[in-house]
Amino acid sequence: MGMTAHLWALLACHNPPELTCAVEAQLPAPEPWSEQPGHLHPYIGQIGSWDGAGGELDGSSKVPALDQQVEAGLSWTFMPLHWSELEPDGPADLSGPLPPEWEALEAFVLEAHARGLNVLVQAPVVGGNNGGPPDWVGAVEKGRSAPADMEAAFDFCGTLAQRYAPGGTLWQEQGVSDWGVQAWELDNEPGSYRTHWEQQEEDFGDFFAGCAQAIRGVDPDAQIVGPALAAGQGNTVWWEDVLASEAEPGLDLSVFSFHSYEGMDSIGPDRRSECVLWEQYGAYRSWAESAGVTPTTAAWHTEGGFDFLGRLGGTQRARWRMQWSVRLLGQGAHKITFKDPKDEELVVQALLSEHLADPWPLEDRTAELGLGEFGGAWVHEEENGGAVWVLWPTNGDPADQDIWLPVSASEVRLFDSSGETWTESAQDGEVLLKLRGSRRYSETLLVVDPGDD
């Protein structure tokens, strides 16, 4: 069986992955780090494709994708920038008319600003889909990512920041004083994806540190995001080697980032995103503690999703989306990625954006309510005594399950993953809920308890 057929077969019979890792206590809730509206919003939109220079893969505009993200209630979007696309023949000169390679990027940034969307910029993408450093820079080793002229990479990072960071030249030209790109993820899945930094761990450390310095030289408050690792366990070994390298001045992360797709059994054991987070973040935290460095407690999921080939219908994907979001936010992830949705998932994301835009604290009450290892009950309690719940019975079991949910109000509002809504009245401080099971992902309910009447 070929790889594609093998993956389709596995997805066709996919059940929720077993939780086979040690999940630790929650990371703390995020602290404000900017005055830009929406900077703490926990959902990052990634809809469509990217050509690495501000447009869709086919060269069309990203505006329709941005509009979908606004429709879903998001405050963040995403843009990867391929170094070879933006500097194909040498360092870019942005002091006069923009080079044509930068025109779509300029339009994207302005359109994002017009919609109030913060931008996570992934740049420079050196390997991966970029294929390695630009020809004029040269590579230390053919087929690998490390540039022969590392300073050129640092200069490119500085050029981007000088143009797009708060106070940058674009915003001076536009008369905008209170907005700019504040988050920069340095390269994409550097340990394994396509052209990568395997056996170049010290080079990657130098690259990361030098680009961080160049960006912070323009914006001292910039969020430096990394290492953007793929989920395979071999990436953790590579990451440990990076951390152990002699790179100077060291990996000073503002944000720890990771990628995770659930339901991709063909590339290894299928693991929940919580397992990926704690395995990779744990390696970083152990290094920081041994090196006498204070580790960041900010963790962002910056790429991933479920059912990579889109075999499952929208209903199942929407249920997974709601369950996965609270599972991962419940572990303390400060941001998670809303990527490549079906229409039903847009409905779910809009519900989450409205009712769990500030989800911390988010507590696991699954065992307390008797919903089992592959069921779930997560609650965000409001200061007024109200609460928002997300609940589902055991995935993979078609049996229904009744529970009594404790509430403060005399009446609560329920939403299912299709967006259908209704109210239920409380009896002696509880509401009786009938949770419907499924052989895949069970019906998932979002319950809004407005608090004391």
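Here is a chat about cavities and packed helices in a predicted model.

Biologist: Hi! How many cavities of 30 Å³ or more does the structure hold?

Modeller: Hello! There are 2 cavities of that size in this predicted model.

Biologist: Let's take the second largest cavity. About how much space lies in it?

Modeller: The second largest cavity has about 50 Å³ of space.

Biologist: And which residues line the second largest cavity?

Modeller: Its lining is made of Met79, Leu81, Leu105, Phe108, Val109, Val119, Val121, Leu160, Tyr164, Val181 and Trp184.

Biologist: Nice. Which one gives the most?

Modeller: That is α4, which gives 3 residues to the lining of the second largest cavity.

Biologist: OK, then how do the axes of α9 and α10 sit?

Modeller: Helix α9 covers residues 273–291 and helix α10 covers residues 314–330; their axes come within 9 Å and cross at roughly 25°.

Biologist: Why are α9 and α10 called roughly parallel?

Modeller: Angles under 35 degrees count as roughly parallel, and the axes cross at roughly 25°, so α9 and α10 are roughly parallel to each other.

Biologist: Is their crossing left-handed or right-handed?

Modeller: The crossing of α9 and α10 is right-handed.

Biologist: Which residues meet there?

Modeller: On the α9 side, Ser273, Glu274 and Leu277 meet Trp324, Arg327 and Leu328 of α10. By class, that contact has 3 nonpolar, 1 polar and 2 charged residues.

Biologist: What about α10 and α11, how far apart are their axes?

Modeller: The axes of α10 and helix α11 (residues 343–355) are 8 Å apart, and the two helices pack at an angle of about 25°. That angle makes α10 roughly parallel to α11.

Biologist: Left-handed or right-handed this time?

Modeller: Here α10 passes α11 in a right-handed crossing.

Biologist: Last one: which residues make the contact of α10 with α11?

Modeller: From α10 come Gly314, Thr315, Arg317, Ala318, Arg321, Met322 and Ser325, and they meet Glu344, Glu345, Val348, Leu351 and Leu352 in α11. The residues of this contact divide into 5 nonpolar, 3 polar and 4 charged.

Conventions: Residues are numbered from 1 along each chain as its sequence is written. This is a predicted model: local features need pLDDT of at least 70, side-chain atom pairs count only at pLDDT 80 or more; totals for chains, interfaces and linings use all residues. Side-chain values use heavy atoms; hydrogens and water are left out. On a 1 Å grid over the protein atoms alone, a cavity is a set of points where a 1.4 Å probe fits but cannot get out, and a pocket is an open set with protein on both sides within 12 Å along at least five of seven lines; lining residues have an atom within 4 Å of a point. Grid points are joined across faces, edges and corners, and a volume is the space filled by probe spheres set on the points. Helices (H or I, at least four residues) and strands (E, at least two) are DSSP runs, numbered from the N terminus. Axes are lines fitted to C-alpha atoms, for helices over the stretch in contact, and angles run from 0 to 180 degrees between N-to-C directions. Angles under 35 degrees count as roughly parallel, over 145 as roughly antiparallel, 65 to 115 as roughly perpendicular and the rest as oblique. A crossing is left-handed if the near helix is turned anticlockwise from the far one by less than a right angle, and right-handed if clockwise. Contact means heavy atoms within 4.5 Å. Ala, Val, Leu, Ile, Met, Phe, Trp, Tyr, Cys and Pro count as nonpolar, Asp, Glu, Lys and Arg as charged, and the others, Gly among them, as polar.
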